[in-house]
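Here are my notes on the model. Please read them with the structure open.

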Amino acid sequence: MALALGAGAPATAAPKQVDPKVSSIVPGDPAALGFDQAKLKVAEDGLKADVASGKIAGAYLLIGRHGKVAFQEGFGVQGPGQTAPVTDKTIFRVFSMTKPIVSVTAMTLVEEGKLDLDAPVSKYLPEYANLVVWQPDGTTKPATRPMLVRNLMSHTSGLIYGFIQPNTPIAQAWAKGGENRNDLTAREYARMLAKLPLRTEPGTAWFYSHSTDVLGAVVEVAGGKPLDVLIRERVTGPLGMTDTAFWQPESKRARFAEPVNTGGGGPLEGLYYDYAKPTPLLSGGGGISSTAEDYLRFVLMLEGNGQYKGVRILKPETLARMRQDETTPQIRQAGLFFPGPGMGFGLGFSLVNDDTQQRPGNGTFSWWGIAGTEFWVDPKNDLFMVFMVQSRELASQYQRKNRAWIYDALVKP
């Protein structure tokens, strides 16, 4: 499964940047783009109702085809008690939508021959040479298979997110081992995780996990720079994504989106961190915040087979490799929190393999964040979307609603 790209010049040979002052949102006629405007209004009415009922403070939905935007609207305000409306410049915590950005950054290093997808993680992080696997009786045994770099990108590494099932013995062992710390750098955090037991042998099961946090450390070693610098140099900078970062300056606080429910001591406590108060940890799995307009630049680059407005981030064959399914029925069934029936998972994206079981077309690649943000690119229908919200409680509900709203409204292939 090696990527036959080899070493060579970077995909972007000359320093180029998409103009950050020119909006990525190019409006198009909804009917000409194949949408029924009356059915798009169902989405509009639904989000307005959720704001009016107090379920959410605000949200932003953007739907497009053929490179143009058929629907874009901000709903409500940026946070409880605020008067500032949600716009395409409102900054949201995108949490796990950080993962595709880190994965794309990693693939730029693959193109340059600095990172090998099929190499053991221990080539870059030596402490991953001696991993152990959790056993049902609470003991551990040495892993018999190496963890590969592509296992990190596909969540088949054997690592976990302990907070998904916090009462299980392995999750409690992870909590005691420091899973919830944020006072470590990406490299230090990866070193700590290497001491914790894997849930399964690498390459045998899909478990949503801290894999991309470890990938961030791998990227730092392979790229020779801090993760935020590599992302800025290789992805967000060239795309003109000036509002996308791990930490935001205090001067942008007036644009921060905030949730209705901040936890209050419950399971959401601590989820909605302060964007403008940096910690040492640059979480490759969930630390970035962004705007709808900024993230659309990333999405349009993906929709453009690695290129946006003449700036190439990845070669088409590299992006095609990222969209190859890394899972099997056995891997999917053995794991936890898999995206759903008719789905697969590649190198940083979920994939639609069977659109008789999913609304988006075959080949759609996407991901979402724990607070409900989501994007997808549907090549079959040449359709893309970006959704921004801060509502952990309604995240799964909005995934279902967005698919119904968008594909019910798509009346022309």
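**Notes on the predicted model**

1. Start with His 155. This is a predicted model, and in it His 155 is buried, with a relative accessible area of 2%. His 155 sits in the loop between helix H3 (149-154) and H4. Its phi is near 60 degrees, a positive value in a residue other than glycine. Please check the backbone here.

2. His 66 also deserves a look. Its phi is positive, about 50 degrees, although His 66 is not a glycine. The residue belongs to the loop between strand E1 (58-65) and E2. His 66 is partly exposed, at a relative accessible area of 43%.

3. Next, helix H5. Six of its eight residues are buried, so H5 is largely enclosed by the rest of the structure. The buried residues are Ala 186, Arg 187, Tyr 189, Ala 190, Met 192 and Leu 193. They pack against helix H4 (169-177) and H6.

4. How do H5 and H6 pack, and at what angle? Helix H5 (residues 186-193) meets H6 at about 125 degrees, and the two axes are 8 Å apart. That angle makes H5 oblique to H6. The crossing is left-handed. On the H5 side, the contact is made by Ala 186, Arg 187, Tyr 189, Ala 190 and Leu 193. H6 contributes Asp 213, Val 214, Ala 217, Glu 220 and Val 221.

5. Glu 220 needs a comment of its own. It is placed in helix H6 (residues 211-223). Glu 220 is buried, yet it has no salt bridge. Which side chain of opposite charge is nearest to Glu 220, and how far away is it? It is Arg 187, at 6.7 Å; the cut-off for a salt bridge is 4 Å. Arg 187 is itself among the buried residues of H5.

6. What surrounds Glu 220, leaving aside neighbours within four places in sequence? The contacts are Ala 186, Arg 187, Lys 225, Pro 226, Leu 227, Leu 230 and Leu 282. Of these, Ala 186 and Arg 187 also take part in the contact between H5 and H6.

7. Last, Lys 89. This residue is in the loop between strand E2 (68-76) and strand E3 (92-95). At 32% relative accessibility, Lys 89 counts as partly exposed. Setting aside neighbours within four places in sequence, Lys 89 is in contact with Asp 243, Arg 255, Thr 291 and Glu 293. Phe 256 is 167 residues from Lys 89 in sequence, but their C-alpha atoms are 9.3 Å apart in space.

Conventions: Residues numbered from 1 in each chain as written. Predicted model: local features only at pLDDT ≥ 70, side-chain atom pairs only at ≥ 80, totals over all residues. Heavy atoms only, no water. Helix = DSSP H or I, 4+ residues; strand = E, 2+ residues; numbered from the N terminus. Buried < 20%, exposed > 50% of the residue type's maximum accessible area, 1.4 Å probe, protein only. Lys, Arg positive; Asp, Glu negative; His and termini not counted. Contact = heavy atoms within 4.5 Å. Axes fitted to C-alpha atoms, helices over the stretch in contact; angles between N-to-C directions. Parallel < 35°, antiparallel > 145°, perpendicular 65-115°, else oblique. Left-handed = near helix turned anticlockwise from the far one by under 90°.
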